[in-house]
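Please work through the exercises below with the sequence and the structure side by side, and try each task before you read its solution.

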Amino acid sequence: MLDKIPNAEEMTALVGKSLYDIWNKLCILIDEKYEMECLWNKGGKAWTYEYKYRRGGKTLCALYAKEECVGFMVILGKDERFKFENNRENYSKEVQRIYDEAKTYHDGKWIMFEPVDTSMFDDLMKLLSIKRKPNRK
């Protein structure tokens, strides 16, 4: 856990105004569809902050922030990868490429996106719906 959650000014200073707008739009999109517990953490070696969406001990996804960069990570388990792969033509070429290049670990395929605009958001929401059906109307 973080001692102090970053405010809007600190996040803007870290990632820049345009990426902070992307971060916020993505959070709003997730919050509209999912009622989740949101946890701030240190971002490990590669990132400054982690903002994780969890419910019932399971992580839906996590957003990451570092200097001039935001990240969106989703981990797909075996059954979830099967669902994606059977439906991959319904995703953008960029999302397919990032999926293909992502490393697969014993607990799933860790897929990190670094959105710079909103063009991938529909695909990111489709990936989240593979993990968990939206629980907000």
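This is a predicted model: local features need pLDDT of at least 70, side-chain atom pairs count only at pLDDT 80 or more; totals for chains, interfaces and linings use all residues.

**Exercise 1. Determine which residues of helix H4 are buried, and how they are arranged around the helix axis.**

Solution. Begin with the extent of the helix: H4 covers residues 93-101, and its buried residues are Val 95, Gln 96, Ile 98 and Tyr 99. Next, look down the axis of H4, where these buried residues fall within an arc of 165°, so they line one face of the helix. Then turn to the face directed away from the buried side, which carries the exposed residues Lys 93 and Glu 101. Finally, ask what lies over the buried residues of H4: the cover includes strand E4 (69-76), helix H3 (78-85), strand E6 (108-113) and helix H5 (121-131).

**Exercise 2. Carry out the analysis for helix H3, naming its buried residues and what covers them.**

Solution. The buried residues of H3 are Glu 80, Arg 81 and Phe 84. Viewed down the axis of H3, they fall within an arc of 100°, and therefore they line one face of the helix. On the face turned away from that buried side, H3 carries the exposed residues Lys 78, Asp 79 and Phe 82. The cover over the buried residues of H3 includes E4, H4, strand E5 (103-105), E6 and H5.

**Exercise 3. Describe how H3 packs against H5 and against H4.**

Solution. Two packed helices are described by the angle between their axes and the distance between the axes. For the pair H3 and H5, the axes come within 9 Å and cross at roughly 135°, and the two helices are therefore oblique to each other. The crossing in which H3 passes H5 is right-handed. In the contact itself, Glu 80, Lys 83 and Phe 84 in H3 meet Leu 127, Ile 130 and Lys 131 in H5; sorted by class, this contact has three nonpolar, no polar and three charged residues.

For the pair H3 and H4, the packing angle is about 145° and the axes are 12 Å apart. Here H3 passes H4 in a left-handed crossing. The residues that meet are Arg 81, Phe 84 and Glu 85 in H3 and Val 95, Gln 96 and Tyr 99 in H4, and by class this contact has three nonpolar, one polar and two charged residues.

**Exercise 4. Decide whether Asp 123 is buried or exposed, and list its contacts beyond its sequence neighbours.**

Solution. First place the residue: Asp 123 is in helix H5. Its relative accessible area is 8%, and because buried means under 20%, Asp 123 counts as buried. With neighbours within four places in sequence left aside, Asp 123 is in contact with Asn 90, Tyr 91, Ser 92 and Val 95.

**Exercise 5. Do the corresponding work for Asn 135, giving its accessibility and its contacts.**

Solution. Asn 135 is found in the segment after H5. Its relative accessibility is 32%, and therefore Asn 135 counts as partly exposed. If neighbours within four places in sequence are again left aside, Asn 135 is in contact with Lys 33, Tyr 34, Glu 35 and Arg 55.

Technical notes
Residues are numbered from 1 along each chain as its sequence is written. Side-chain values use heavy atoms; hydrogens and water are left out. Buried means under 20% relative accessible area, exposed over 50%, partly exposed in between (1.4 Å probe, protein chains only). Helices (H or I, at least four residues) and strands (E, at least two) are DSSP runs, numbered from the N terminus. The arc is that of the directions from the helix axis to the C-beta atoms. Contact means heavy atoms within 4.5 Å. Axes are lines fitted to C-alpha atoms, for helices over the stretch in contact, and angles run from 0 to 180 degrees between N-to-C directions. Angles under 35 degrees count as roughly parallel, over 145 as roughly antiparallel, 65 to 115 as roughly perpendicular and the rest as oblique. A crossing is left-handed if the near helix is turned anticlockwise from the far one by less than a right angle, and right-handed if clockwise. Ala, Val, Leu, Ile, Met, Phe, Trp, Tyr, Cys and Pro count as nonpolar, Asp, Glu, Lys and Arg as charged, and the others, Gly among them, as polar.
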